[in-house]
Amino acid sequence: MSRISATTKKITEALSADALEARLYEIGAERYHNLHPFHELLHTGALTRGQVQAWALNRYCYQAAIPMKDASLMGRIEDRELRKQWLHRVTDHDGYEEDEGGIMRWLILTDGLGLDRDYVISREGALPAVRFAVEAYIRYVREQPLLQAIASSLTELFAPKIHRDRIAGMLKNYDFIDDRLMSYGTRRLNQAPVDAEFALKYVRQNAVRADQQQQVIDALLFKLNVLWIQLDALHLAYVEPKFIPPGAFIPEG
């Protein structure tokens with residue numbers, strides 16, 4: 001008999017703000033992509049250098065899309081103060097003045113792994129499923145109601161743990177990884193909680209009806225699926241059964 005998860009039951013009566021927040025954390029505990037087997041392999045040193053290259057190259061698609069989806073979201077926000085609050089999300093990744101930005105820090109990782117920078121930026125070697133998932137996320141933020149667009153960023157609530165695990169695990173288990181290559185994750189340890197706190201506050205204040213709260217949950221589930229499917233694609237192409245789609249990156253060795 002099929003079982004409906006408690007985290008995906010439809011909301012029929014409005015929850016308190018605290019109860020809604022608890023439901024969001026429950027969903028994250030069940031569905032965040034730190035639970036994916038690929039991350040266990042990545043963090044414990046079970047992957048080859050080529051497999052780590054494939055992960056970093058494909059993940060670049062997602063990293064590069066973040067400021068694009070945030071800039072498109074800002075273009076829909078009429079409230080000046082809300083736009084000002086959201087602006088740093090773009091500069092955190094694109095960089096501003098002396099700060100090189102998250103995208104550049106990710107390119108430091110791919111450089112250090114021996115990948116050609118122009119090839120990474122072109123996304124030519126990325127898996128089709130990864131590119132499709134990332135493009136779907138950008139469209140979602142552009143097209144869905146503002147509450148859902150903002151709520152889709154709530155995966156940041158669960159990000160600090162995965163960054164801590166990744167930094168510690170990869171530094172310990174791969175001799176080709178050092179602190180400089182992990183600078184993206186190190187910076188996100190401070191940035192992600194700020195972003196998550198703001199989005200959570202917005203949701204608590206603006207999702208008061210049952211239908212609005214369901215929209216928030218649907219948005220979070222959508223974003224969790226965007227993250228999960230990228231790892232599914234990586235696992236299928238580079239771990240088991242190692243079916244790499246035509247045109248995608250092929251590791252050496």
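Buried residues make up 51% of the 253 residues in the protein chain, where buried means under 20% relative accessible area, exposed over 50% and partly exposed in between, with a 1.4 Å probe and protein chains only. This is a predicted model, in which local features need pLDDT of at least 70, side-chain atom pairs count only at pLDDT 80 or more, and totals for chains, interfaces and linings use all residues. Residues are numbered from 1 along each chain as its sequence is written, and side-chain values use heavy atoms, with hydrogens and water left out.

**Overall fold**
- The protein chain has 11 helices and 0 strands; helices (H or I, at least four residues) and strands (E, at least two) are DSSP runs, numbered from the N terminus.
- The radius of gyration of the protein chain is 18 Å, which agrees with the value near 18 Å for a compact globule of 253 residues; the radius is taken over C-alpha atoms, and the globule rule is 2.2 Å times the number of residues to the power 0.38.
- Along its principal axes, the C-alpha trace spans about 55 × 55 × 35 Å.
- Of the contacts with a separation of 6 or more, 76% join residues 24 or more positions apart; contact means heavy atoms within 4.5 Å.

**Helix α5 and Thr110**
- In α5, 8 of the 11 residues are buried, so this helix is largely enclosed by the rest of the structure.
- Those buried residues are Gly102, Ile103, Arg105, Trp106, Leu107, Ile108, Leu109 and Thr110, and they pack against α3, α4 (80–94), α6 (117–122) and α10 (183–206).
- Thr110 lies in α5 (residues 102–112) and counts as buried because its relative accessibility is 0%.
- A polar atom of the Thr110 side chain is 3.1 Å from the backbone oxygen of Leu107.
- Leaving aside residues up to four places away in sequence, Thr110 touches Ala56, Leu57, Leu115 and Val120.

**Packing of α3 and α7**
- Helix α3 (residues 49–74) packs with helix α7 (residues 128–143) at an angle of about 10°, and their axes are 9 Å apart.
- The two helices are therefore roughly parallel to each other, a term for angles under 35 degrees.
- On the α3 side, the contact residues include Asn58, Cys61, Tyr62 and Ala65, and on the α7 side they include Val130, Arg131, Val134 and Tyr137.
- By class, this contact has 10 nonpolar, 2 polar and 3 charged residues; Ala, Val, Leu, Ile, Met, Phe, Trp, Tyr, Cys and Pro count as nonpolar, Asp, Glu, Lys and Arg as charged, and the others, Gly among them, as polar.

Terms used
Axes fitted to C-alpha atoms, helices over the stretch in contact; angles between N-to-C directions. Parallel < 35°, antiparallel > 145°, perpendicular 65-115°, else oblique. Polar contact = N/O pair within 3.5 Å; in protein donor to acceptor, adjacent residues only side chain to side chain.
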